[in-house]
Amino acid sequence: VCSEAAVYALRWLTFSVCGPESGLRKNANRSPLRPTTAAATLYGVSFFELVALGIPTVVFSPYGQKDKDELSEIKRLEIAYVASNEVEATNMLARLIKDEGERDRLSSNCKKLMGNYNGKRFAHEVQTLLSSVTEAKR
């Protein structure tokens, strides 16, 4: 029995980041992600879009240990909550939605990392993140 009732507006977004309909390439301020309080996503392009926009995020990989090093670096940087599976991601997202201070902290960490968002900065940060993981594997 749930002792606390809450209503959250959830939007399940699916769209192509490569297609002309995405809107993300033309104007990040018009992105369907922009007014989002918090998000949960698989590790991949959508995760980096959320980070670039400063949206507090829970991320996980459904591919076992494949993305372990990258997720470890994300956790170390404190730019997102890292979950081990979809059940943990759902629980983490519920906590994040309720905790405005934690949302602000994650958002601030993302914005510090990304600076003023633009494609060049985004590409540089992704390259830096992936390089640090590659060097750690050596």
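Predicted model: local features only at pLDDT ≥ 70, side-chain atom pairs only at ≥ 80, totals over all residues.
Which exposed residues does the face of α3 turned away from its buried side carry? They are Val87, Thr90, Arg95 and Lys98.

Residues are numbered from 1 along each chain as its sequence is written, and side-chain values use heavy atoms, with hydrogens and water left out.

View 1. Helix α3 covers residues 86-98. Helices (H or I, at least four residues) and strands (E, at least two) are DSSP runs, numbered from the N terminus. At 1.5 Å a residue, its 13 residues should span 18 Å, and the end C-alpha atoms are 19 Å apart, which agrees. The expected span is 1.5 Å times one less than the number of residues. Ala89, Met92, Leu93, Leu96 and Ile97 are buried. Their arc around the axis is only 135°, which puts them on the same side of α3. The arc is taken from the directions from the helix axis to the C-beta atoms. Buried means under 20% relative accessible area, exposed over 50%, and partly exposed in between (1.4 Å probe, protein chains only).

**View 2. Surroundings of α3.** The buried residues of α3 pack against β1 (39-42), β2 (57-60), β3 (81-82) and α4. Contact here means heavy atoms within 4.5 Å.

**View 3. The largest nonpolar core.** A nonpolar core is a set of buried Ala, Val, Leu, Ile, Met, Phe, Trp, Tyr and Cys residues joined through side-chain atoms within 4.5 Å. Two or more residues each come from α1 (45-53), α2 (68-77), α4 (100-114) and α5 (119-137). Helix α1 gives the largest share, four residues. Beyond its neighbours within four places in sequence, Ile74 contacts residues including Tyr43, Phe47, Val59 and Leu129.

**View 4. A salt-bridge network around Arg105.** A salt bridge is a side-chain nitrogen of Lys or Arg within 4 Å of a carboxyl oxygen of Asp or Glu. Shared partners join Glu78, Glu102 and Arg105 into one network. The closest N and O atoms are 3.0 Å apart for Arg105 and Glu78, and 2.6 Å apart for Glu102 and Arg105. Glu102 counts as buried at 15% relative accessibility. Arg105 is partly exposed, at 30%.
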